Amino acid sequence: DVPKVPDCRRDSDGPCRGSVCERHCPAINNAQGDLGEPCCHLHRARVPPGVPSPCCQQHSEEVSESCALRTTLTAENAVEANKLSNNYKFGFKKWKSHVTERPWEDRSEIVKELYSDLNVIRGSAGSTLTCGNVLYLLLFGWWLSLLYSLVAALMFLTVLGAPYGRLCWDLARYFLWPFGKVIQKVEVPKSHRACEAGVGESSALLGGPTPRRWVAAGHWRRASAALWLSLGYPVLALAHGLVCVSAWLLVVLIPVAKLSARAAARVLLLPPRRLLVRRPRTTEVAPEGEVILCCYRAANPYYYKYAVDGINVFAVNLLPLVLVTLVLGYVDSHNQLSGSAVKFSLALLSIMPLSYYIGMAIASISAQSNFAVGAVVNATFGSITELTFYISALIKGSREGNRCYAEVVKSALTGTLVGCVLFVPGLCMVIGGIRHQEQRFNSRSAGVSSALLFLSVGGVFAPTLFSKVYGKLVCGECHNVTQNPLGHYLCHNCHFDLMDHNGTLYYSHVQPLVYTVSILLPAAYLVGLFFTLKTHTHIYDIHISDCHMPGHHHSAVVHWSRWRALVILLLSTLCMSACADLATEHISPILTNSTISQYFIGVTVLAMVPELPEIVNGIQFALQNNLSLSIEIGNCIAVQVCMLQIPILVLFTIFYPTNFTLVFSDLHVYASMFSVVLMNYIFMDGKCDYFQGTVLVMVYFILLAVYFFAPSPSGC
C-alpha cells in the first residue's frame, strides 16, 4: 500500500516544507553561520518569481551535489516521520509497516476493498463466475447448502419451526452461490409491531386491549424462536465457525470468513419475516431496509496486506501456533502425543510470529520516544531472538557435556552472517529488479556498514587465525598409505589442539585475545553509532517532509501505545525464551539421528528462520525502489552478529562456563570472508540490477551445498 506523495504547492507565505529551496537553506545556514534561517525567504520576497535568489546562488556550488542526492520522504504524521527517520539510523531496526493508522483517503482502492463490510450493492459488478468463487463452491458452498437443507427439513418436521424452515431453505440456495445476491433486513409494518408487543399493549385502531389472536401469534413466535435456538442455530453456527476459521487461515478467502461470521452473528439471529434474500435487479425498486450481506468475490489475492490492529494477517494466524507449541511442549514432556521432530518444528515456526511482534513493538516504542530511549530499546532487544536460542543451546550443551551444541551455535552465527550478507540483499535485488530495471542506493552509507563488517569479521576470526598459527595439529587416526615408514599417511579427525602443555597456549594467549576482541568490537560498534547518528548524519541524505494534502487531520492514532508495546515486547520475549528452550530440548535427536551435516542444519534452519520477518521487510523496501534499506537490513544484522551477539556470548561464558570458544572451523572462516569481499565488490558503484542479485543468491546456494556435503564437526 504505497503512500500517496502529496502535491506540495507554494502559497503566499513561502514554499512548503520539503521543497528544493528549503533543502538548500540548511546547508547555506550551516555554511554562513551568522545568517540565520530567514535568509532565503528575505531574498525571495525581493526577487521576481522564477529568478533564483542571490542568497541561494551564493552557495549553490557547495550544496548542489548533496541536495541532488538527498531523498525526500513524506509522512502522514510526526510519529510516522520519526519511524521513517529511525529506518535510516544505524543500529535501529528497519520496519516497513505503519505504526499509526493511515488516513482512509490516502489508501488505494485495492486496500479499501479489503476492509469493506460486504454490505454495498454495486451497479455493475461484472461476472461472478471466477476461480475464487468456484473454489468457494468446492470447499464450502455445497456442504453448507446441504446442511441448511437438512436443518430446513428438521424445522418443517417440528411444525412449530416452519418459519425458520422456510428461512433455511432460502439460505440453502443463497450459500450454495452467494455471489451477486443480497440478504436484507426489511422493515416490519407498524400494525405487525403492535402484534409483537403482546399483552399490555393497546390496539392502534380500536384503542382497547390487544386481541387474543395477536397474543397467540406472539406466543407462537417466541416458542418457534426458542425451538430454533435449541435445535437449528447451534448446528449452523458451528458450521459457520468452521468455515470462518478455515477461510481466515487461507488468507485469500477472508471475504468468505467475513460472510460466515456475519451470517452466524446477525442473519441467523433475526426473525424470519425480517429477512429478505433476493438478487438485485436494475429494473426493480429495492425495498427499504439495511443490507446485511452482499458479496461478489470469494477470494482476493491482495489480502496479504490485510492487518488487524496494525498486525499483519499472517502474524495473527501464526499466533495460535505459539500457544499450541507451549502447551504441547510442556504438557507432553514424555513425547507421548508427538515426537521430538514435531515439537522442534513447531518451536522453530513459533519464532517467526514472535520475531514480528518484537519488531513491531521496538518500532512502535522508538517512533513514540526520543532518540536515547529508541537507541536503548534497539540495542537491548534488537538481537533478543537469536540470543535466546544461542544461550539456551549452550546451557543444554554444558549440562549434557555435549560439544555439538556449541558447534551448532557457531554454524548458526556463521549462517546468519553469510545469509544476511549474500542471500538477503541478493533476493531483494532480484525481486526489486523485476519491477525496476536498475536500482540505486546510497553507496556512502553502505560503505560505513561495509567498513564495520570488515572490522567485525577480522576481529571475530582473529582468535581462529591465531590458533591456526600457534596451535598443534592433532589427528585422531592415521594410516600409512605406502607401507613405508617415511611414506605418506592418511589422517582423519584432525584439529588444532589449544590445550597442549596443560592448556598454556589457550589460557595464556588465546583466551586473553578473545576477551580483548570482545571488548573492542562493542566499542567499535558504539563509535559507528556516534559517527552515523551524531557527527555524520548527512551521509544518509534523508529529509522527512511533513507536507500533507489539504484537509488532512494530522493527529497520529497509533496502533500500539508505548505501554502496550512494552507489554507485548516483554511477553513476546518470554514466549521466545520458552520456544527457544523447547527447540534446544528437542534438537538432540535430530542432530544425532539425521544424515544431514550439523553444519547445514545450523547454517540454514537455525540461522535464517528467525530472520524471515526481516527478509520480508527487505523485499517490501526493494519493491518500492528503496534498495538502500534492503541492503542496510542485511548489513545491520551481520554487524550485530559480530559486534554484539558474539561478545555477549563470550561474556556469558565467563559467568556460566560452556563449551563455546571463539575458534571457528576453516569452512566458517573462508565462507564468511569470501561473502564480505564479494558483497563489497558488488556494492562498489552504488547501483545494481537483478543479475548482480542473482550472482549473490547463487553464491549463497553454492556455500549451502558445501555445508550440506561437509562432514559433521568434531564432537557431534
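Me: What is meant by the axes and the angle when two helices are said to pack?
Reply: Axes are lines fitted to C-alpha atoms, for helices over the stretch in contact, and the angle is taken between N-to-C directions. In this predicted model, helix α16 (residues 404-435) and helix α24 (residues 612-623) pack at an angle of about 35°, with their axes 8 Å apart. The crossing of α16 past α24 is right-handed.

Me: Which residues make the contact of α16 with α24?
Reply: On α16 they include Phe-423, Leu-427 and Ile-431, and on α24 they include Ile-615 and Ile-619. By class, this contact has 9 nonpolar, 2 polar and 1 charged residues.

Me: Why is the pair of Tyr-148 and Phe-175 called stacked?
Reply: The planes of the two rings stand at 15° and their centres are 5.2 Å apart. Centres within 6.5 Å make a pair, and planes under 30 degrees apart count as stacked, so the pair of Tyr-148 and Phe-175 is stacked.

Me: What makes the pair of Tyr-599 and Tyr-707 edge-to-face?
Reply: Their ring centres are 6.2 Å apart, and the planes stand at 70°. The cut-off for edge-to-face is over 60 degrees, so this pair is edge-to-face.

Me: Why does Tyr-599 count as buried?
Reply: Its relative accessibility is 9%. Buried means under 20%, so Tyr-599 counts as buried. Tyr-707 is buried as well, with a relative accessible area of 2%.

Me: What do Tyr-599 and Tyr-707 tie together?
Reply: Tyr-599 lies in helix α22 (residues 598-603) and Tyr-707 in helix α27 (residues 690-709), so the pair ties together parts that are 108 residues apart in sequence.

Notes: Residues are numbered from 1 along each chain as its sequence is written. This is a predicted model: local features need pLDDT of at least 70, side-chain atom pairs count only at pLDDT 80 or more; totals for chains, interfaces and linings use all residues. Side-chain values use heavy atoms; hydrogens and water are left out. Axes are lines fitted to C-alpha atoms, for helices over the stretch in contact, and angles run from 0 to 180 degrees between N-to-C directions. Helices (H or I, at least four residues) and strands (E, at least two) are DSSP runs, numbered from the N terminus. A crossing is left-handed if the near helix is turned anticlockwise from the far one by less than a right angle, and right-handed if clockwise. Contact means heavy atoms within 4.5 Å. Ala, Val, Leu, Ile, Met, Phe, Trp, Tyr, Cys and Pro count as nonpolar, Asp, Glu, Lys and Arg as charged, and the others, Gly among them, as polar. Rings of Phe, Tyr and Trp (its six-membered ring) pair if their centres lie within 6.5 Å; planes under 30 degrees apart count as stacked, over 60 as edge-to-face and the rest as tilted. Buried means under 20% relative accessible area, exposed over 50%, partly exposed in between (1.4 Å probe, protein chains only).
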